[in-house]
Amino acid sequence: MWKKPCVYLVGAGPGDAGLLTCKGLELIKNCDVVVYDRLVSKEIMALIPEETEKINVGKNVGDHPVPQWRINEILLEEAQKGKRVVRLKGGDPFVFGRGGEELELLVENNIEFQVVPGITSSIAAPGYGGIPVTHRDYCSSLHIITGHGKNDSEAEINYDALVGLNGTLVFMMSVSTSATIAENLIRAGMDKNMPAALVENGTYGKQRKLITTLEKLGETVIRENVKSPAVILVGKVCSLGDKFDWFDKLPLKGRKILVTQPKSKASKLAEKIKSLGGEAVLYPTIRTKWIRPISPDVRNFDIVGFTSEAGVRSFMEYLREEGLDSRELHGLDIAVVGPATARALEEYGIKADFIPEKVFDGKTMGLEMVKEGFALKHQRVILLRAKEASRDIVTVLRDAAIEVEDYPVYETEYIMDNDVGEPEDFDIITFTSKSCVDGFVKTRGKTDFTGVKALCIGKQTAAAAEEYNFDIIVSEMATIDSMVEKLEEIL
Ligand code: SAH
C-alpha cells in the first residue's frame with residue numbers, strides 16, 4: 001500500500017469521523033501531503049498528524065476555490081516531487097466529486113494512483129435521518145442526481161424519466177434549485193403530496209432533518225433557511241423518517257460542546273459526546289512537550305508517582321530512548337492518580353500498586369497514599385509530572401514526613417493559531433485540566449467569561465476556571481466518564 005510517489009484518491013465520508021474508512025485513516029496518518037477541500041470535516045482534519053503538509057484547495061485568498069485545472073496540477077506536482085499524496089474529498093470521490101477529472105492528468109503523466117472509496121453523503125445523510133433510501137415496500141430503485149450542471153449552469157434533468165421510475169430520488173448540490181426541481185417533477189406528473197425530505201449537515205452533531213412534501217419543498221427550504229451542504233430526497237421512503245428517527249433522539253443531540261483537551265487526548269471525550277448525538281468541537285489550546293533529559297535515577301527512591309498519562313508516556317518513552325525498559329522500575333512501588341493513568345502504564349506492561357479509591361486530583365492521591373499507609377514516614381517518593389502541576393500533593397506528602405522529589409517530565413505549550421468562534425456559541429465548554437483552562441484563556445485574549453458555562457474535571461481545574469468567572473459545574477469524579485454523565489445530566 002505504501003507506494004511512493006503515488007496519489008491516493010480518498011473519500012473522507014460525509015462528516016462524522018467515525019465514517020472514514022480504516023484504509024483512509026491509515027493513509028492520512030502516513031502520507032506526506034494531504035490535498036483537501038471544504039467538505040472534509042474538521043474532525044477528520046484533526047486526525048492528520050501535525051507535521052503532515054496540508055494543502056487547502058477549497059478556498060483561496062478572497063474565498064474563491066482553487067480552479068479544477070489547478071487542483072489537477074497540484075496533485076501532479078506533489079507526486080512529481082516524490083511524495084505520497086492523499087487527495088481527500090468529502091463523501092465518495094467518484095460521486096459528484098470530480099475524482100475522475102483529477103485522475104486524467106495523472107494518467108497522462110504516468111503517475112501511479114489508488115482509489116479509496118468513501119461513504120457518500122447521498123446515502124449516509126438519509127441514514128442518519130432515519131430514511132432508508134431503499135425499502136422494498138416503497139420503491140424499486142435509487143437515483144442520485146445533481147441539481148447543478150458543469151460550470152454553474154442548471155443541470156439537464158429528464159424529469160419525465162424520473163417520474164416514471166417509482167424510485168427514491170436523491171438530489172445533491174440542489175438547495176438553491178430545490179423549488180425548481182419540485183415544480184418540474186410535479187409538472188412531469190409526480191404527485192404533489194409525494195413525501196420529500198432535506199438533511200442538512202448530515203452525520204454532524206448539527207444535522208437537521210426536515211420532512212415535507214414535494215409541493216412544499218421550495219417554501220420549506222426558504223422558511224427554514226436550509227443551507228448547503230444538504231441532500232434533498234423525494235420518494236415514499238421519506239415518510240419513514242419520523243418512525244426511524246434515531247439520531248435526533250440521542251440525549252445530547254443539538255448540543256454544541258467545546259472540547260479543549262490536547263489533540264492527542266481529545267478523541268475519547270469527543271467520541272463519547274458524539275455517540276450521544278452532541279456536536280463536539282475540538283479546540284486544542286495546549287500541547288505537551290516532553291522534557292529531556294530526565295536526570296534522577298528512579299532506583300534511588302521507594303515510590304514513583306504519576307499524576308497524569310502524559311507523565312507516564314514521557315518517562316516510559318525516555319527509558320526507550322535511552323535503550324532501557326520497564327525493568328528500571330523493578331522493585332519500586334508505583335502510585336497513579338486514577339484509572340486512565342493506570343491504563344497508560346499497563347500499555348508498558350506495568351501494573352500500578354496504588355490507585356486512590358476516588359479519583360479527584362494529585363492532592364487527594366497524596367492524602368490517600370498517606371491514609372492507606374502506602375507511603376510511610378521517611379520513605380522517598382519521586383513524582384514524575386508536569387512542570388506546571390499544582391504543588392498540593394508535595395505539601396501533603398511532606399507534611400507526613402515523606403521525602404519528595406517533584407520532577408517535571410513534560411511541559412505545556414500553547415497553541416495560538418486556532419479559531420472556533422465565540423465561547424457564547426457553545427452550550428458548554430469542557431476543561432479537563434488546569435492547563436486547558438489556562439490555554440483557553442490565553443488564546444482568547446480576555447479574562448472575564450461571565451455567563452459562559454464550563455464543565456471542569458476536578459476541583460483544581462474548577463478553581464482555575466473560577467478565576468475567570470466561568471459558570472462552573474464540576475464532575476463527580478475526575479474521569480472522562482464522569483464528565484460525560486454530568487453533561488447528560490445538565491444539558
Ligand atoms: N462526493 C460527495 C458529494 C460532493 S457534491 C459525496 O459523495 O457525498 C456536494 C454535495 O454533497 C452537497 O451539495 C450536498 O448535496 C452533498 N453533501 C456533502 N456532504 C453532506 C452532508 N454532510 N450532509 C448533507 N449533504 C452533503
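Strand β14 (residues 303–306) runs parallel to β15, and four bridges join the two; strands are DSSP runs of E with at least two residues, numbered from the N terminus, and helices are runs of H or I with at least four. Within this pairing, V304 has I334 of β15 as its bridge partner. The model is predicted: local features need pLDDT of at least 70 and side-chain atom pairs pLDDT 80 or more, while totals for chains, interfaces and linings use all residues. Residues are numbered from 1 along each chain as its sequence is written, and side-chain values use heavy atoms, without hydrogens and water.

Both strands belong to an open, mixed sheet of five, in the order β13-β17-β16-β14-β15, where pairing requires at least two DSSP bridges. Because β13 (286–290) and β15 (333–336) are the edge strands with a single partner each, one side of each has no neighbour in the sheet. From one strand to the next, the twist averages 25°.

Helix α11 (residues 339–346) lies across β14 and β15, at about 135° to β15. Helix α13 (residues 392–399) lies across β16 (380–386) and β17 (403–414), at about 175° to β16. Contact here means heavy atoms within 4.5 Å; axes are lines fitted to C-alpha atoms, for helices over the stretch in contact, with angles from 0 to 180 degrees between N-to-C directions.

Around the ligand are 20 residues, of which V95, T120, S121, G202 and A230 come nearest, counting residues with a heavy atom within 4 Å. A ligand oxygen is 2.8 Å from a side-chain N or O atom of T120, and a ligand nitrogen is 3.0 Å from a polar backbone atom of G90.

Definitions and conventions: Polar contact = N/O pair within 3.5 Å; in protein donor to acceptor, adjacent residues only side chain to side chain.
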